[in-house]
Amino acid sequence: DSSKWNLWPAKSSQDEDQQKISRKKNKNYKKRVARRTRQTKKDAEKALNEARKQGVTAILLIPDGGQSKALSNAYEIIKINDDPNLNLVGADTLYRSKTITDVGMKAARNQLVAAVAWHPFNNKGYSKNADSFWRTKNVSWLTATSYDATRVLAEVADDDPTREGVNQILSGDNFVFRRGVTGDIRFNGSERANSKATLVKVLPYCKGDGYNFVPIVFKNKCIL
């Protein structure tokens, strides 16, 4: 009986129907994505044209962290802007690897500037340590500020681990943590006192392909 050697059962009509439905859904999804992409480009072009008509010299891009279409809309503005007199300024939400991979070349050409809390060039000693720990020197401001917050809380908790105690120590006029990666840390109420921002831009690497963020004061035309 040769049927006992049939290790792969024949596909039922139900399986074939499911595959057809799946292919149709995938095709419809691609069409929706294509329509949204075209609409996003039209909206971006309309916004830039309106800005030029009004004599605008700079556009501020403040997308959220990717929870909406705001980030893709910001990328579209960066992609299609060819006006050297229209400066693009961005929030720290643009400081991410996706910006480099998606619009790195255009961000460099358009001289996109973003404000972040910290850049690895601000503390090369920490970047060197990060390389030994995590095998990368490309550490973001989120990592640096989180590292500082953890160290501050650990030190304060040694004196008083209670919620009330920690709050009292941090809000004290004499409190200062001088070993922060991002600089001296003290607080004014619930906010960090004398916090400093670093302006960054995008430049290409001198050798090979790719782009990255560097402080705006970086004088070279490419990254070694």
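Start by selecting arginine 52, which counts as partly exposed at 36% relative accessibility. The model on screen is a predicted one.

**Salt bridges**

Arginine 52 belongs to helix α1 (residues 13-53), while aspartate 83 sits in the loop between α2 (70-80) and β2 (87-90), so the pair links distant parts of the chain, 31 residues apart.

Next select lysine 106 and aspartate 82. This is another salt bridge, with 2.8 Å between the closest N and O atoms. Lysine 106 is in helix α3 (residues 97-109) and aspartate 82 in the loop between α2 and β2; 24 residues separate these distant parts of the chain. Aspartate 82, at 59%, is exposed because its value is over 50%.

Move on to glutamate 155 and arginine 179, whose side chains meet in a salt bridge at 2.6 Å, N to O. Here helix α5 (residues 141-159) supplies glutamate 155, and the loop between α6 (163-170) and β4 (187-188) supplies arginine 179, 24 residues apart. Both partners are partly exposed: glutamate 155 has a relative accessible area of 29%, and arginine 179 has 48%. The count for the model comes to five salt bridges.

**A nonpolar patch**

Select Leu60, Ile62 and Val89. They form a nonpolar patch on the surface, and together they have about 290 Å² of accessible area. Leucine 60 is in strand β1 (residues 58-61). With a relative accessible area of 56%, leucine 60 is exposed.

For the largest pocket, select His119, Pro120, Phe121, Lys137 and Ile223, which lie nearest its centre among the 16 lining residues. The elements giving two or more residues to this lining are α4 (124-134) and β7 (211-215). About 340 Å³ of space lies in the largest pocket. What classes of residue make up its lining? There are eight nonpolar, five polar and three charged residues.

Finish at the second largest pocket by selecting Thr182, Gly183, Arg192, Asn194 and Lys196. Of the 16 residues that line this pocket, those five lie nearest its centre. Its volume is about 260 Å³. The lining of the second largest pocket divides into five nonpolar, seven polar and four charged residues.

Definitions and conventions. Residues numbered from 1 in each chain as written. Predicted model: local features only at pLDDT ≥ 70, side-chain atom pairs only at ≥ 80, totals over all residues. Heavy atoms only, no water. Salt bridge = Lys/Arg side-chain N within 4 Å of Asp/Glu carboxyl O. Helix = DSSP H or I, 4+ residues; strand = E, 2+ residues; numbered from the N terminus. Buried < 20%, exposed > 50% of the residue type's maximum accessible area, 1.4 Å probe, protein only. Patch = residues over 30% accessible without salt bridge, like charges linked within 9 Å, V, L, I, M, F, W, Y side chains within 5 Å. Areas by Shrake-Rupley, 256 points an atom, 1.4 Å probe, with all protein chains shown as cover. 1 Å grid on protein atoms, 1.4 Å probe; cavity = no way out; pocket = protein on both sides within 12 Å on 5 of 7 lines; lining within 4 Å. Points joined across faces, edges and corners; volume = space filled by probe spheres on them. Nonpolar A, V, L, I, M, F, W, Y, C, P; charged D, E, K, R; others polar.
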